Amino acid sequence: MNERKPVKQYDYTVLVILFAAIVFAIRGVTQAAWALVWVWAAAMALIALSLGVVASLSLNKKGASAFLRFGAQGVDGRLILALWALLTALASIHLALQGHPVLVLVAVSLMVVVLPGTGTLIVDEYVQSLIARGAALAGGVGLAAAMLLAALRLPGLDVALGALSFYVGTLEVYVWRSLKS
Amino acid sequence: MKNKLPVLRAEKGWSQAALAERLGVSRQTVNAIEKGRYDPSLPLAFKIAQVFGLAIEDIFTPEDTDERTQAG
């Protein structure tokens with residue numbers, strides 16, 4: 001009998017993020033550290049949302065982190081995502097009013113997620129597969145942006161805003177382009 | 001995965017939007033399946049089969065099945 005042993009896969013993302021967050025926190029860049037954790041949380045929430053409904057994604061549930069499995073076991077991903085979007089949008093508006101006007105764009109694009117009608121589209125299995133793929137890409141871009149901006153020794157707040165803008169922008173452009181094609 | 005969805009849909013005279021409504025998915029999902037960009041989940045595949053009154057394997061065919069049939 002040709003039985004194939006299941007290949008164990010582990011999600012090391014959380015370790016990398018935590019390490020980077022601790023390094024930033026030690027160096028006094030607390031906001032950048034929080035930005036990393038926030039971007040990671042968004043990516044995980046989106047993937048958990050997709051895992052909860054879509055069975056045909058090419059993600060290995062066994063290898064997924066505890067957070068993902070928790071999401072897959074029936075936590076309403078839409079609620080997590082809407083809460084994340086709402087909190088981030090409110091924080092963006094607050095920061096925009098404090099002299100970072102570019103954050104209005106992030107706030108507006110995030111509000112799209114909680115608009116009526118978007119909820120129906122967001123639970124659609126094809127759209128979810130796009131979101132899951134886009135979230136992985138956006139998470140990477142957001143992290144890379146955060147690390148690059150931190151390496152340039154920009155203030156912590158700018159690092160946080162930059163990472164968030166890149167994350168949201170990448171995700172929305174990816175999903176929009178895929179739906180248009 | 002190859003599928004006969006465009007042919008079956010045309011036979012019924014349904015638009016992508018009409019089929020999407022029957023399946024409870026977005027038009028984009030139907031479009032992506034027809035163009036082979038997305039393989040539906042098993043529950044959706046069953047639903048598609050049910051809508052057309054066929055078996056799943058009458059609608060969807062793995063890519064390599066055709067190659068094996070042609071080779072053999």
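Me: At what angle do the axes of helix H2 (residues 16–23) of chain B and H3(B) cross?

Reply: At roughly 110°, and the two axes come within 8 Å. Axes here are lines fitted to C-alpha atoms, for helices over the stretch in contact, with angles of 0 to 180 degrees between N-to-C directions. This is a predicted model: local features need pLDDT of at least 70, side-chain atom pairs count only at pLDDT 80 or more, and totals for chains, interfaces and linings use all residues. Residues are numbered from 1 along each chain as its sequence is written, while chains are lettered from A and ligands numbered from 1 in the order in which they are written.

Me: What makes H2(B) and H3(B) roughly perpendicular?

Reply: Angles of 65 to 115 degrees count as roughly perpendicular, under 35 as roughly parallel, over 145 as roughly antiparallel, and the rest as oblique. The angle is roughly 110°, so H2(B) and H3(B) are roughly perpendicular to each other.

Me: Which residues of H2(B) and H3(B) meet?

Reply: B:Gln16, B:Ala17, B:Leu19 and B:Ala20 of H2(B) meet B:Arg27, B:Thr29, B:Val30 and B:Asn31 of H3(B). Contact means C-beta atoms, placed from the backbone, within 7 Å.

Me: Why is H7(A) called roughly antiparallel to H8(A)?

Reply: H7(A) and H8(A) pack at about 155°, with axes 8 Å apart. That angle makes H7(A) roughly antiparallel to H8(A).

Me: How do you know whether A:Leu143 is buried or exposed?

Reply: Count C-beta atoms, placed from the backbone, within 10 Å: 20 or more others mean buried, 12 or fewer exposed, and in between partly exposed. A:Leu143 has 22 such neighbours, and therefore counts as buried. A:Leu143 is found in helix H7 of chain A. Its C-alpha atom is 8.2 Å from that of A:Tyr167, 24 residues apart along the chain.

Me: What makes a set of residues a nonpolar core?

Reply: Its members are buried Ala, Val, Leu, Ile, Met, Phe, Trp, Tyr and Cys residues, joined through C-beta atoms within 7 Å. The largest such core has 39 residues. Those with the most contacts inside it include A:Ala146, A:Val159 and A:Tyr167. H7(A) gives the most to this core, with twelve residues.

Methods. Helix = DSSP H or I, 4+ residues; strand = E, 2+ residues; numbered from the N terminus. Contact = placed C-beta atoms within 7 Å.
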